[in-house]
Amino acid sequence: MPAIEPGTRAPEIPGVAFDRPTAVYVYKVTCPVCQISAPVTQTFEAAYPGHVVGVGQDPPEKLERFSSEFGVTFPSVEDAPPYDVSNAYGIRTVPTLFLIEDGTVTDTVESWDREGFNRVSRRLAAALGAEYAEISHPSDGLPAFRPG
């Protein structure tokens, strides 16, 4: 089952209200690509405070340690087995990033994808009437793409 496509109504995430544009970052603490992309995802929180939420496929104590280790300050909610949220969103790889506007998924990026993360940033900035923040650029030492 592929990740949920843009234009689809966003499935509910317990404890998360979609009353404003929101970037949803789905991850697992042991995933090497998530460890690379989480600090970069923090750039969303710095640029668009309160518009980023993580969905971690791990217990809360592991999510807290991960956040501390990788400098993540955006809130994360647990998606415990059997991974109801991940399944509702069609997650087949982590990380996966979604942009949700007016309760609808408007963009989906699977794995670490510089172009995709920057695209979501442009869309989020436009939705908020905020200045665009580049999430990643070639000189930051990250690959342009790395599969999850």
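The largest nonpolar core counts 45 residues, and Ile13, Val24, Phe44, Tyr89 and Phe98 touch the most other members. Such a core is a set of buried Ala, Val, Leu, Ile, Met, Phe, Trp, Tyr and Cys residues joined through side-chain atoms within 4.5 Å; buried itself means under 20% relative accessible area, exposed is over 50% and partly exposed falls in between (1.4 Å probe, protein chains only). Two or more residues each come from β1, α1 (32–47), β2 (52–56), α2 (60–70), β4, β5 and α4 (114–128). Helices (H or I, at least four residues) and strands (E, at least two) are DSSP runs, numbered from the N terminus.

Some housekeeping: this is a predicted model, where local features need pLDDT of at least 70 and side-chain atom pairs count only at pLDDT 80 or more, while totals for chains, interfaces and linings use all residues. Residues are numbered from 1 along each chain as its sequence is written, and side-chain values use heavy atoms, with hydrogens and water left out.

**The sheet**

Five strands make an open sheet in the order β3-β2-β1-β4-β5, with mixed pairing. β3 (76–78) and β5 sit at the edges with a single partner strand each, so one side of each has no neighbour in the sheet. On average, neighbouring strands here are turned by 20 degrees against each other, direction ignored. Angles in general run from 0 to 180 degrees between N-to-C directions, with axes fitted to C-alpha atoms (for helices, over the stretch in contact).

α1 packs on this sheet, touching β1, β2 and β4, and its direction makes about 165 degrees with that of β1. α2 lies across β1, β2 and β3, at about 155 degrees to β3. Contact, by the way, is heavy atoms within 4.5 Å.

β4 (residues 96–101) is mostly covered, with 6 of its 6 residues buried. In a regular strand the side chains alternate between the two faces of the sheet. Here both faces are covered: Thr96, Phe98 and Ile100 are buried on one side, and Leu97, Leu99 and Glu101 on the other.

| Partner of β4 | Sense | Bridges |
|---|---|---|
| β1 (residues 22–27) | antiparallel | 5 bridges |
| β5 (residues 104–110) | antiparallel | 6 bridges |

Towards β5, Phe98 stands opposite Thr108. β4 and β5 form a hairpin with 2 residues between them, and Asp102 in that turn has a positive phi of about 50 degrees.

Tyr89, setting aside neighbours within four places in sequence, is in contact with Ala3, Ile4, Ala10, Pro11, Ile13, Phe18, Phe98, Ile100 and Val105.

Val109 lies in β5 and is buried at 2% relative accessible area. Leaving out neighbours within four places in sequence, Val109 contacts Pro95, Thr96, Leu97, Gly116, Phe117, Arg119 and Val120.

Ser136 is in the loop between α4 and β7 (145–146), yet is buried, at 1% relative accessible area. The Ser136 side chain makes a polar contact with the Arg114 side chain (2.9 Å). That term covers a pair of N or O atoms within 3.5 Å; within protein, one must be able to donate a hydrogen and the other to accept it, and residues adjacent in sequence count only if both atoms are side-chain atoms. Beyond neighbours within four places in sequence, Ser136 is in contact with Val40, Trp112, Arg114, Asn118 and Leu142.

Conventions:
Pairing = 2+ DSSP bridges.
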